[in-house]
Amino acid sequence: AISMEAISPLEIFEIPNNLFNDFVEENNLLPQFQRLWKNRNAVEKASLFRRLHVGARNVISEASQVHYAQNGDVIYEKGEIPPAFFIVSKGNVQLVWPNGKIKDIAADDDDPFFGVFTGLDERHLKKAKLIGANGNAQVIEVPSGRIKNLYKNAPLFRYAVVVALARRKDN
């Protein structure tokens, strides 16, 4: 069962599923909705996005792309890492720093994301040596433009960034 709680005044309109599906097909929107639906669960798992308005989460999901990797694959090497935010949606990855320090990030972590700062400020790209798969992995990449826009225009997102990063420092 699904329950909803209103947090502001609203009106709810019920649209029959077949009517919605017909609209999607007639307007040739199926590829966009399939992409949105495919990445949406991973986007919502990251605490930074979980409490955002559904419209904002949809924009992030639609803008993202998926990288698939096998065990031992290098997803990005230093100098190739794009200005983006990453969510590990399956398996796990390792971030390897120039000093040899390794950070594992797994899809089943409470916050399976990395690249907050690279998404906000491209100067942080120089820090990571490589991002590689540790086992089979799937990584969702959200372009930095979406992250910068959210950070600038969504106070709830800025707060979520501060809380998530503080939680990581405590661990």
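Author: Happy to! The chain holds seven helices and eight strands, and please keep in mind that this is a predicted model. Of its 171 residues, 36% count as buried.

Let's go inside. The largest nonpolar core has 20 residues, and L48, F49, F85, I87 and F157 are the ones that touch the most other members. Several elements contribute at least two residues each to this core: the helices α2 (30-45), α3 (47-50), α6 (144-153) and α7 (155-170), together with the strands β3 (84-90) and β8 (137-143). Among these, α7 gives the largest share, with five residues.

How do contacts link up along the sequence? Counting contacts between residues at least 6 apart in sequence, 74% join residues at least 24 apart.

For contrast, let's finish on the outside. The chain exposes about 11,100 Å², and 52% of that area comes from carbon and sulfur atoms. On the surface, M4, L10 and I12 form a nonpolar patch, and together these three residues have about 380 Å² of accessible area. L10 sits in the segment before α1 (17-26). Why is L10 classed as partly exposed? Its relative accessibility is 49%, and the class of partly exposed residues lies between the buried ones, under 20%, and the exposed ones, over 50%.

Conventions
Residues are numbered from 1 along each chain as its sequence is written. This is a predicted model: local features need pLDDT of at least 70, side-chain atom pairs count only at pLDDT 80 or more; totals for chains, interfaces and linings use all residues. Side-chain values use heavy atoms; hydrogens and water are left out. A nonpolar core is a set of buried Ala, Val, Leu, Ile, Met, Phe, Trp, Tyr and Cys residues joined through side-chain atoms within 4.5 Å. Buried means under 20% relative accessible area, exposed over 50%, partly exposed in between (1.4 Å probe, protein chains only). Helices (H or I, at least four residues) and strands (E, at least two) are DSSP runs, numbered from the N terminus. Patches are made of residues with over 30% relative accessible area and no salt bridge: like charges are joined within 9 Å, nonpolar side chains (Val, Leu, Ile, Met, Phe, Trp, Tyr) within 5 Å. Accessible areas come from the Shrake-Rupley method with a 1.4 Å probe; for residues, only the protein chains shown count as cover. A salt bridge is a side-chain nitrogen of Lys or Arg within 4 Å of a carboxyl oxygen of Asp or Glu. Contact means heavy atoms within 4.5 Å.
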